[in-house]
Amino acid sequence: MLNIVLFGPPGAGKGTQSQSLIEKYSLVHLSTGDILRAEIAGGTELGKYAKQIMDKGDLVPDEVVIQMISNKIDANLAAKGFIFDGFPRTIPQAQALDEMLAQKETAISCMVSLTVPEDELVSRLIKRGQTSGRADDNETAIRNRFNEYMKKTLPVASFYQNQHKLYQIDGVGSLDSIFERIEGVLSHFSA
Ligand code: B4P
């Protein structure tokens, strides 16, 4: 299986690049952000609970997102592999993911980390906020999302570096040029 963690700060382009990756590699795309937003749109209890956390730019508790991902992996047992987009975002999430995949006799192949300067990230998110209606794309929530990222999420890169699975990619440029850089990394791995 080809199991990719797509990593980076808020607005780095994880969701954007995932769309191209699923087309080319026929992998199952698991975005915790998308799953949570679907719960909010559906007005579920989980959605109501997650909305107040996400709107502030805080992270949803580990046990909630771990259970969500576990359910999705179990529902896709025949998959050629997975793109994990926006997950894991904390060390406990990364440890849980390793355990879940080991139970299925597979593992993470690599982490592709998109590197983008902070001023570019802020301008992307503010721009998206003007059209998307996303409640977390305003200045206060964006600042909090960066704080959460620095404190809780960045250490996840070291977790995979220690496993020799971390690949840093320049996340600035055209969507195609960034996709080519990711393909360059993935060419070393097979499904
Ligand atoms: P996510 O949905 O994961 O969102 P993100 O980090 O904002 O975005 P991403 O990096 O995917 O950026 P995108 O491609 O959209 O998380 C939202 C919230 O959900 C979190 O704050 C948290 O509350 C919660 N959550 C999710 N997962 C969680 C977890 N595991 N644990 C706990 N909580 C969790 O790109 C952004 C913008 O940039 C777009 O407008 C795009 O068009 C633009 N863009 C992309 N690439 C570009 C490029 N090369 N040049 C110019 N613009 C570009």
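How many positive and negative side chains does the protein have, and how far apart do the centres of the two sets lie? Select Lys and Arg as positive and Asp and Glu as negative, leaving out His and the chain ends, and place each charge at NZ of Lys, CZ of Arg, CG of Asp or CD of Glu. There are 20 positive and 24 negative side chains, with the two centres 2 Å apart.

The model is predicted: local features need pLDDT of at least 70 and side-chain atom pairs pLDDT 80 or more, while totals for chains, interfaces and linings use all residues. Residues are numbered from 1 along each chain as its sequence is written, and side-chain values use heavy atoms, without hydrogens and water.

Next, show the cartoon. It has nine helices and five strands (DSSP runs numbered from the N terminus: H or I of at least four residues for helices, E of at least two for strands). Along the sequence the pattern is β-α-β-α-α-α-β-α-β-α-α-α-β-α.

Now select I73, F84, L97 and Y160. In the largest nonpolar core, of 32 residues, these touch the most other members. Such a core is a set of buried Ala, Val, Leu, Ile, Met, Phe, Trp, Tyr and Cys residues joined through side-chain atoms within 4.5 Å; buried means under 20% relative accessible area with a 1.4 Å probe, protein chains only. Helix 4 (62–74) is one of the elements supplying at least two residues, and helix 4 gives the most, with six.

Centre on F84. Its contacts (heavy atoms within 4.5 Å) include N3, V5, I69 and I108, not counting residues up to four places away in sequence.

Finally, select L114, L125, I178 and L186, which are among the 22 residues of another core, apart from the largest one.

Note on methods:
Buried means under 20% relative accessible area, exposed over 50%, partly exposed in between (1.4 Å probe, protein chains only).
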